Amino acid sequence: MQPRDRLPYSPIIDRPRLSPPDGARVIVWPIVNVEDWQIERAMPRQVLPPPTGVTTLPDIPNWAWHEYGMRVGFWRLKAALDQRGIVPTLSINGNVCNRYPRVAQEAHDAGWEFMGHAFTQMPTHQVEDQAAMIRQTVETIEGFTGRKPVGWLGPGLTQTYDSVDLLHDAGIRYIGDWCLDDQPCRLKAGSGEMVAMPYSVELNDIPMMAVQHHRSDVLLERIKDSFDRLYQEGGDHVRVMGIAVHPFLSGVPHRIKYFEQALDYLQSHSNVAFMTGAQILDWFNSQEQA
């Protein structure tokens, strides 16, 4: 099915009002993305283009850029969240459980939700057997945490036409790849329904910093501006605000303070709920049944 076959058009002004959790105007969904970049392949992102303009392998500088995030940046992000009592969703390549068990274990011990993010960081379209990759990711996360993930985010938000069906068959019940609303919405899947969760390509340090090359403080400015409007609108109809960060971007010394200040700004308001994707899914399903 093409996207329009899965998702009927629904203007937000015409929908029944959802009962917000604990009276929240805005549900904040924080997501930390941790990935396995394979040195044998071209890097998923580049901070330093090759001198001749032609990428060669191995690409040590850009691999090391990401590796810094796993060695140092992740721990800054985790400290910022821990200090504020915020439990995020961990968008995780399954192979991180094998390559970076210290990172995965700390997140698991802290009660973070694990959301599948493929097995390694490469476009879904380049995977030879997508169903097998999904199964491998789900089984690896389950083996590490004792629980199957219910959420999924494709690397670079990549999906094929049949990804929703394959994911649903594997037990996934929400996805972050369809960034098209300020509330969860239902998609048709071959064997049931899938929920599209309001992940973000706007409050996301990949497009903001790695692609658009904004100043570091734009993260704080954009989060505040987005929140102010959603908070205003949420007084009438609750909104969900996804914030996505990566250790090699928001976890570096010149950006971490803006992430910390953004969290402080959000927490300074009443009627704001910080929830994981799985918690939002449970809340949304309870609304549908009410």
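Reader: Where does Asn271 lie?

Author: Helices (H or I, at least four residues) and strands (E, at least two) are DSSP runs, numbered from the N terminus. Asn271 lies in the loop between α9 (256-267) and β9 (272-274). This is a predicted model, in which local features need pLDDT of at least 70 and side-chain atom pairs count only at pLDDT 80 or more, while totals for chains, interfaces and linings use all residues. Residues are numbered from 1 along each chain as its sequence is written, and side-chain values use heavy atoms, with hydrogens and water left out.

Reader: What is the phi of Asn271, and is the residue buried, partly exposed or exposed?

Author: Phi of Asn271 is positive, near 60 degrees, in a residue other than glycine. For accessibility, buried means under 20% relative accessible area, exposed over 50%, and partly exposed in between (1.4 Å probe, protein chains only). Asn271 has 35% relative accessibility, so it counts as partly exposed.

Reader: What is the phi of Leu157?

Author: Leu157, not a glycine, has a positive phi of about 60 degrees. Leu157 is found in the loop between β4 (151-152) and α6 (163-169), and counts as partly exposed because its relative accessibility is 23%.

Reader: Which residues does a cis peptide bond join?

Author: Leu57 and Pro58 are joined by a cis peptide bond, with omega about 0 degrees. Pro58 is found in the loop between β1 (26-34) and α2. Thr56 has its place in the loop between β1 and α2; Thr56 is exposed, since its relative accessible area is 53%. In sequence Thr56 and Ala42 are 14 residues apart, and in space 7.9 Å, C-alpha to C-alpha.

Reader: At what angle do helix α2 and helix α4 pack?

Author: Axes are lines fitted to C-alpha atoms, for helices over the stretch in contact, and angles run from 0 to 180 degrees between N-to-C directions. Helix α2 (residues 60-83) and helix α4 (residues 101-109) pack at about 10 degrees, their axes 11 Å apart. Angles under 35 degrees count as roughly parallel, over 145 as roughly antiparallel, 65 to 115 as roughly perpendicular and the rest as oblique. α2 and α4 are therefore roughly parallel to each other.

Reader: Which residues in α2 and α4 meet?

Author: Contact means heavy atoms within 4.5 Å. From α2 come Met70, Phe74, Trp75 and Lys78; they meet Arg102, Val103, Glu106 and Ala107 in α4. The residues of this contact divide into 5 nonpolar, no polar and 3 charged (Ala, Val, Leu, Ile, Met, Phe, Trp, Tyr, Cys and Pro count as nonpolar, Asp, Glu, Lys and Arg as charged, and the others, Gly among them, as polar).

Reader: How many residues has the largest nonpolar core?

Author: A nonpolar core is a set of buried Ala, Val, Leu, Ile, Met, Phe, Trp, Tyr and Cys residues joined through side-chain atoms within 4.5 Å. The largest one has 48 residues, and those with the most contacts inside it are Val32, Val34, Leu90, Ile92, Met241 and Phe259. Helix α8 (residues 218-234) gives the largest share of this core, 7 residues. Leaving aside neighbours within four places in sequence, Val34 is in contact with residues including Met70, Phe74, Leu90 and Pro247.

Reader: How many disulfides does the count come to?

Author: A disulfide is a covalent bond between the sulfur atoms of two cysteines. The rule asks for a pair of cysteine sulfur atoms within 2.5 Å, and by it the count comes to 0 disulfides. Cys179 is in no disulfide; the nearest cysteine sulfur, that of Cys185, is 10 Å away.
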